[in-house]
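Here is a short report on one protein chain. Please keep the sequence and the structure open while reading.

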Amino acid sequence: MEKISVIIPVYNVEKYIRKCLESVLEQTFSGLEIIIIDDGSTDESGNICDFYAKQDQRIHVFHNVNNQGLAAARNRGVREASAKYIGFVDSDDYISKNMFQELLYIIEKDNGDIAICGYNVCGNREESVKLKEKIYNRNEATTLLLKNKIHSFVWNKLFKKDLFQGLYFAEGKCYEDVRIMSKLFLNANRIICTSKCLYYYNVRENSITGNTRYEKSWEYVESLEQRCMDLLNTNYMDAAAYGEFVCLRRLVYEMIINKEIKNDYYKRLIQITKKRYIDAKRVCSVWEKMVANIYMISPKIYACVRLLISRLFHR
């Protein structure tokens, strides 16, 4: 049996899927089971996947007649997976040749349940997001996740498949990573991070997670709200509230800077951030409280100060 099942959901990505698949096929660790879920593509994506499957017996393609969404495709991939470990690659992204070898090495060497690497952002903007190289216990890692110090993406991680027992991506929802990741972390005992950036995340204007139009961001708010509700009456509630407060404060800042504040969405964000700060302030540092208090007094003053600081440091 192969050691790693790599799950690749595919939907209308004929321009990108070849590069994605070739990066997986060229992995230095060859013991892969590559599971492709063609989620009802109407372009040539499905045919391209079938072509690669004929060239490499490690590839297994499953075609959905109708598009069911990313969460449903990932759920099917998990069901079809037979390996001890599960990794995810989005079909418009690609990975370093040694990504799975590196993640497998640290997860086995340190007896971990989840291994995480940094990633490179490419496409419309470029940056590298590095992690601190460290082994965390469940409490440490979950707190960092909830405070957005570790991101909720599934694609820069390697999981023990057992962690998914009884867990599913929320179908019909966007930002399903946010909804499930804290549950996966709470099922884990040890989470290992490497500082190496091994995943290449392609930001596209028309991709689901690349779309930053505020009117389409409400499901992101809902996912953060749901995470808080899932952790209500636990020791993690304050950290979850802090993470939501910071994320939504950033959205408010962007709306103010872009002069898109005359709508109900903006007003609802203000209300939610103020509600979440009641819990969030219990885990804020002195500096974080100072910044948050400026926001609580006036989001517009906070936005002006933040914009000024940003411009000064980018000159």
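Helix α8 covers residues 237-257 in this predicted model. Its 21 residues reach 30 Å from the first C-alpha to the last. That is close to the 30 Å expected at 1.5 Å a residue. The helix is mostly covered, with 17 of its 21 residues buried. After α8 comes K259, which has a positive phi near 55°.

**Positive phi in loops**

Other residues with positive phi sit in loops. N12 has a phi near 50°, although N12 is not a glycine. N12 lies in the loop between β1 (4-10) and α1 (17-25). Y175 is also not a glycine, and its positive phi is about 55°. The loop that holds Y175 runs between β9 (157-160) and α6 (176-187).

How exposed are these loop residues? N12 counts as partly exposed because its relative accessible area is 28%, between the cut-offs of 20% and 50%. Y175 has a relative accessible area of 16%, so it is buried.

| Residue | Loop | Relative accessible area |
|---|---|---|
| N12 | between β1 and α1 | 28% |
| Y175 | between β9 and α6 | 16% |
| D113 | between α4 and β6 | 10% |
| K147 | between α5 and β9 | 17% |

**Two buried loop residues**

D113 is located between α4 (99-109) and β6 (114-123). D113 counts as buried because its relative accessibility is 10%, under the 20% cut-off. What does D113 contact, leaving aside neighbours within four places in sequence? Its partners are I107, L158, F159, K160, L163, A188, N189 and R190.

K147 is in the loop between α5 and β9. Its relative accessibility is 17%, so K147 counts as buried. Not counting residues up to four places away in sequence, K147 touches A239, Y242, G243 and V283. The C-alpha atoms of K147 and G243 are separated by 4.3 Å. Along the chain, these two residues are 96 residues apart.

**Helices α5 and α6**

Two packed helices are described by the angle between their axes and the distance between the axes. The axes of α5 (residues 138-146) and α6 come within 9 Å. They cross at roughly 170°. The two helices are therefore roughly antiparallel. By class, their contact has 6 nonpolar, 2 polar and 1 charged residues. From α5, the contact residues are R138, A141, T142, L145 and L146. They meet M181, S182, F185 and L186 in α6.

An α-helix has 3.6 residues a turn, so residues three or four places apart point the same way.

Strand β2 spans residues 32-39. Is β2 mostly covered or mostly uncovered? It is mostly covered, and 8 of its 8 residues are buried. In a regular strand the side chains alternate between the two faces of the sheet. Both faces of β2 are covered. On one side are L32, I34, I36 and D38, all buried. On the other are E33, I35, I37 and D39, also all buried.

Strands β1 and β2 run parallel and are joined by 7 bridges. I8 stands opposite I36 in β2. I36 is one of the buried residues of that strand.

How values were computed:
Residues numbered from 1 in each chain as written. Predicted model: local features only at pLDDT ≥ 70, side-chain atom pairs only at ≥ 80, totals over all residues. Heavy atoms only, no water. Helix = DSSP H or I, 4+ residues; strand = E, 2+ residues; numbered from the N terminus. Expected span 1.5 Å × (residues − 1). Buried < 20%, exposed > 50% of the residue type's maximum accessible area, 1.4 Å probe, protein only. Axes fitted to C-alpha atoms, helices over the stretch in contact; angles between N-to-C directions. Parallel < 35°, antiparallel > 145°, perpendicular 65-115°, else oblique. Contact = heavy atoms within 4.5 Å. Nonpolar A, V, L, I, M, F, W, Y, C, P; charged D, E, K, R; others polar. Pairing = 2+ DSSP bridges.
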